[in-house]
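Dear colleague,

Please find below the structure that I am handing over to you. My notes on what was found in it follow directly after.

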Amino acid sequence: MNWSTIQNDWNQYKVAAKQEWDKLSEEQIAGTQGKREYLTSRVQEAYALSNEEAERQVTDWQGKQMERQAPAAKS
């Protein structure tokens with residue numbers, strides 16, 4: 001799944017993002033509007049991470065979203 005899919009359907013993905021990064025407020029997550037660079041920045045700030053680590057977490061989360069979508073695609 002490419003990031004544009006997540007961004008275009010952000011209202012569906014923001015719940016999963018909140019579960020992954022519970023230090024982020026609903027407003028912070030909604031405020032990213034699904035933009036990867038904004039989400040990465042918020043994760044980096046909230047968890048005091050390096051940019052590289054925040055990027056890795058967002059990439060890992062994106063992969064999890066692909067795994068969650070795979071069974072639904074077979075239905």
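Is R56 buried, partly exposed or exposed? R56 counts as partly exposed, because its relative accessibility is 41% (buried means under 20% relative accessible area, exposed over 50%, partly exposed in between, with a 1.4 Å probe and protein chains only).

Please note that this is a predicted model, in which local features need pLDDT of at least 70 and side-chain atom pairs count only at pLDDT 80 or more, while totals for chains, interfaces and linings use all residues. Residues are numbered from 1 along each chain as its sequence is written, and side-chain values use heavy atoms, with hydrogens and water left out.

The mean pLDDT (the predictor's confidence in each residue, from 0 to 100) is 92 for the protein, and 92% of its residues reach 70 or more. Confidence is highest in α4, at a mean of 98, and lowest in α5, at 84. Helices here are DSSP runs (H or I, at least four residues), numbered from the N terminus.

Salt bridges

There are four salt bridges (a side-chain nitrogen of Lys or Arg within 4 Å of a carboxyl oxygen of Asp or Glu). In one of them, R56 pairs with E53, with the closest N and O atoms 2.5 Å apart. These two residues are three apart in helix α5 and so are separated by about one helical turn. With D60, they are linked in a network of salt bridges.

E20 and K64 also form a salt bridge, at 3.1 Å from N to O. This pair links distant parts of the chain, with E20 in helix α2 and K64 in helix α5, 44 residues apart. A further salt bridge joins E55 and R36 at 3.4 Å, N to O. Because E55 lies in helix α5 and R36 in helix α4, the pair ties together parts that are 19 residues apart in sequence. R36 is buried, as its relative accessible area is 18%, whereas E55 is partly exposed at 29%.

Backbone

Q33 and A48 are not glycines, yet Q33 has a positive phi of about 55° and A48 one of about 50°. Q33 is in the loop between α3 (26-31) and α4, and A48 is in the loop between α4 and α5.

With kind regards
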